[in-house]
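Me: Hi! I have a structure open and would like to talk through a few spots in it. Could you help me find my way around?

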Amino acid sequence: MSQSFNKYILVLVTAALLSACSVAKKYERPAAVSSDKLFRDQASADSTTLANMPWQHVFKDGKLNALIQKGLDQNLNLKNAIENIVQARATLRQSKLAYYPTLNIDASATHNKQSEASLNFGGASINTLTTTYKLGLSTSWEMDIWGKLSSSKRAALATYLSTDAAKQAVQTQLISDIANNYFLLLSFDKQLKITEETLESRVKNVETIKALKEGAIVNGASVVQSQANMYAAQVLIPDLKRNIRETENVLNILLGQVPGPIERGTLDEQVVPENLSVGLPSQLLQNRPDVRQAEFNFRTAFETTNLAKTYFYPSLTLTASTGFSNLELKDFFTNSIFYSIIGGLTQPLFNQGKNKARLTTAQSQQLQAMNNFQQSLLVAGQEVSNALYSYEMAVEKEDSRAQQIAALEKSVDFTQQLLQYSSATNYTDVLTSQQNLLSAQMSGINDNLQKLQAVVDLYRALGGGWK
């Protein structure tokens, strides 16, 4: 390589490096994406958050924790999310290798034969068959003078981190789905138990009303009403059993296994964490996997825009080759060495508007990614606010619901006694109080379910479950 050529390359690279900083921009989180006031009616400055608590400590039911662990081991969606990480890691590894030159080996034997007519001069015959043997190495290296390879690597890294965050989001959602369906299953169990107890009580009540009719205390209408009231409880049982079966099947899908019974505890055994701190809204940027995924997607789009800008600038490629080439195999390593070194500079002039279209598309996709980032943060704040308020309202109903049920239990007892021992009431009062009691008991179970599921939803909304 001549000295003038070396100087040319040095000047070119120096100029490129000095101007490269103006091509690719450094990533910064967009100011338009704000976490201020994300939690409605919450102004705490305490950074303690439920999200930092391991899921094994959030849920106190050992059978639920066993199901969650099985889901983390076997869930098929989570396994697919892990495979996405494997694929992204391979792409990242490939982008890092782009910094190194390529190296190829070429071994060939070429037979050449020309037309004898074209080589026949004055009747003289010329041998037209030649064989060329060649063994060589070639290498090519593109210098990253405009940050094209760097932007490509950073985009691949952001994509890899995005798939990792996506896997974490799948995991937090999986834990939430298992816990919520588990609590739903326990609520159906308790509703079935109360309904069966109510049915047993109403069967006895039918016999009581028949005895009262024989004593001329009530009429035939009361007997028919008591039977209808019994059937009203009886008809609830098949639907509750169907709900139990379907919820078990949902849990089995989450666990990645065939349908079957689910081992479980009872609703009354469940305990919620004492401290439901939500921390600071800005912590969602680190704790919520889907928010982190959205930011990594934005970073990928940002680096893709940087990459699109580099196509407007010249690329410098150094190519070198060396080896042996000879017509005779016996003299292959004698006086047959060849080599070449080429420095190529390619400047795009006209390519049918592809570079401009590439940049316009990348910039538009970057804006979309930023909007998605902001949207994910707003949704996260909404989910935290909703879950916390749902929990507060469920707790607010507890005392009132307990007093309502206690009052209705007394009402049922009083009206039944009045019906048996005096004429101060009629069976319609008994029927009404019984129906109201069952309705209140079912609502009480739903209140408890609301509180438990609100804790689960709050834990997921804050970004808990993946650490």
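This is a predicted model: local features need pLDDT of at least 70, side-chain atom pairs count only at pLDDT 80 or more; totals for chains, interfaces and linings use all residues.

Me: Great. Where does T172 sit?

Reply: T172 is part of helix α6, which covers residues 148-214.

Me: And is T172 buried or exposed?

Reply: T172 is buried, because its relative accessible area is 6% and the cut-off for buried is under 20%.

Me: Which residues does T172 touch?

Reply: Not counting residues up to four places away in sequence, T172 touches P289, R460, G464, G465 and W466.

Me: What about N181, which helix is that in?

Reply: N181 is in helix α6. With a relative accessibility of 16%, N181 counts as buried.

Me: Which residues is N181 in contact with?

Reply: Leaving aside neighbours within four places in sequence, N181 is in contact with T247, V250, L251 and L254.

Me: Switching to the surface: which residues make the nonpolar patch?

Reply: I105, L135 and L137 make a nonpolar surface patch of about 270 Å². I105 belongs to strand β1, residues 102-113.

Me: Is I105 buried or exposed, then?

Reply: I105 counts as exposed, because its relative accessibility is 66% and exposed means over 50%.

Me: Last topic, helix α11. How many residues does it have?

Reply: Helix α11 has 68 residues, 354-421. From its first C-alpha to its last, α11 reaches 95 Å, close to the 100 Å expected at 1.5 Å a residue.

Me: Where does α11 bend?

Reply: At E398, where α11 bends by about 35 degrees.

Note on methods: Residues are numbered from 1 along each chain as its sequence is written. Side-chain values use heavy atoms; hydrogens and water are left out. Helices (H or I, at least four residues) and strands (E, at least two) are DSSP runs, numbered from the N terminus. Buried means under 20% relative accessible area, exposed over 50%, partly exposed in between (1.4 Å probe, protein chains only). Contact means heavy atoms within 4.5 Å. Patches are made of residues with over 30% relative accessible area and no salt bridge: like charges are joined within 9 Å, nonpolar side chains (Val, Leu, Ile, Met, Phe, Trp, Tyr) within 5 Å. Accessible areas come from the Shrake-Rupley method with a 1.4 Å probe; for residues, only the protein chains shown count as cover. A salt bridge is a side-chain nitrogen of Lys or Arg within 4 Å of a carboxyl oxygen of Asp or Glu. The expected span of a helix is 1.5 Å times one less than its number of residues. The bend at a residue is the angle between axes fitted to the seven residues ending there and the seven starting there.
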